[in-house]
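Here is a short note for someone opening this structure for the first time. Please read the points with the model in view.

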Amino acid sequence: MITSAGALGLLALTATACSGEAARLGMPEPISIQGERMLRLWQGSWIAAFAVGAVVWGLIIWAVVFHRKRSDDLPPQVRYNMPIEILYTAVPFVIIAVLFYFTARDQNFVEKTTDKPDVVVDVTAFQWSWQFDYVENGQSVATVVGQPVAPNGPAPAKPVMTIPANETVRVRLHANDVIHSFWVPALIYKKDVMPGYTNEFEFTANKLGTYEGRCAELCGVDHSRMLFQLKVVTPEQYDKFIADAKAKKQAASTQAAGGAN
């Protein structure tokens, strides 16, 4: 009865808050299809944990209530009961196997990369800011460079990484100095940025807006100020952003060539 009450309570919680913060169990609202998959894995793990907890507490309370000491007589012993021993040995293995399957399945989905992503961004981390290079046909067509933190100076404006919604974005991570970590909480994902090694991942954002990002690896004295923003725009707005960046780059190149002459 108590176990049933616990299960009903869990069902009521998930049913009444399925679209709210309580249902996410501490996770931020995801803005990508990969983040949504990870959120479902997180929720499923908690539901499994609640279910196991309800069974365990139900058995404990059942034993306390119905098998409490009533006399000095030794109660019937159940050791060497093979069916029970097989049950409590096999059930944990089944639970672990199920959790492992869903974890491996979702990890493969999240870490999957495509042959031809719609957008490629080279992200370079350095002490203590970020550089975003937008790559087309192997060439950088636009660059956003964050300003490093000046000693005892005010925090500079955060560099902004602009990407289109509903398109596959590949992020290639590079580091110039020490190990950093690229983290946007709204993606429910982070990836280490290591010197001498290119890490990469892909995601497809499906919610417009501007989201905070930061370095999640202690990388030096101004690690806490190594911030950036991820801006998700419509494909049309992204195309305009790239076109404007190309025009600005071409104008700067032309001006530099004229000055050299």
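1. Some terms come first. On a 1 Å grid over the protein atoms alone, a cavity is a set of points where a 1.4 Å probe fits but cannot get out; lining residues have an atom within 4 Å of a point. Grid points are joined across faces, edges and corners, and a volume is the space filled by probe spheres set on the points. The model is predicted: local features need pLDDT of at least 70, side-chain atom pairs need 80 or more, and totals for chains, interfaces and linings use all residues. Residues are numbered from 1 along each chain, and side-chain values use heavy atoms, without hydrogens or water.

2. How many cavities of 30 Å³ or more are there? The count is 1. The largest cavity holds about 60 Å³ of space. Its lining includes Ser 32, Met 38, Val 110, Tyr 189 and Phe 203. Two or more lining residues come from each of α3 (33–66) and β8 (199–204). Helices (H or I, at least four residues) and strands (E, at least two) are DSSP runs, numbered from the N terminus. By class, the lining has 6 nonpolar, 3 polar and 1 charged residues. Ala, Val, Leu, Ile, Met, Phe, Trp, Tyr, Cys and Pro count as nonpolar, Asp, Glu, Lys and Arg as charged, and the others, Gly among them, as polar.

3. Next, a helix pair. α3 packs against α4 (residues 82–111) at about 170°, with the axes 9 Å apart. Axes are lines fitted to C-alpha atoms over the stretch in contact, and angles run from 0 to 180 degrees between N-to-C directions. The two helices, α3 and α4, are therefore roughly antiparallel (over 145 degrees). In contact (heavy atoms within 4.5 Å) are, among others, Leu 41 and Val 52 of α3 and Leu 99 and Phe 102 of α4. The contact residues divide into 9 nonpolar, 3 polar and 3 charged.

4. Now the backbone. A cis peptide bond joins Gln 127 and Trp 128, with omega about 0°. Trp 128 sits in the loop between β1 (119–126) and β2. Asn 166 has a positive phi, near 60°. Asn 166 lies in the loop between β4 (160–164) and β5 (168–175).

Technical notes
1 Å grid on protein atoms, 1.4 Å probe; cavity = no way out; pocket = protein on both sides within 12 Å on 5 of 7 lines; lining within 4 Å. Parallel < 35°, antiparallel > 145°, perpendicular 65-115°, else oblique.
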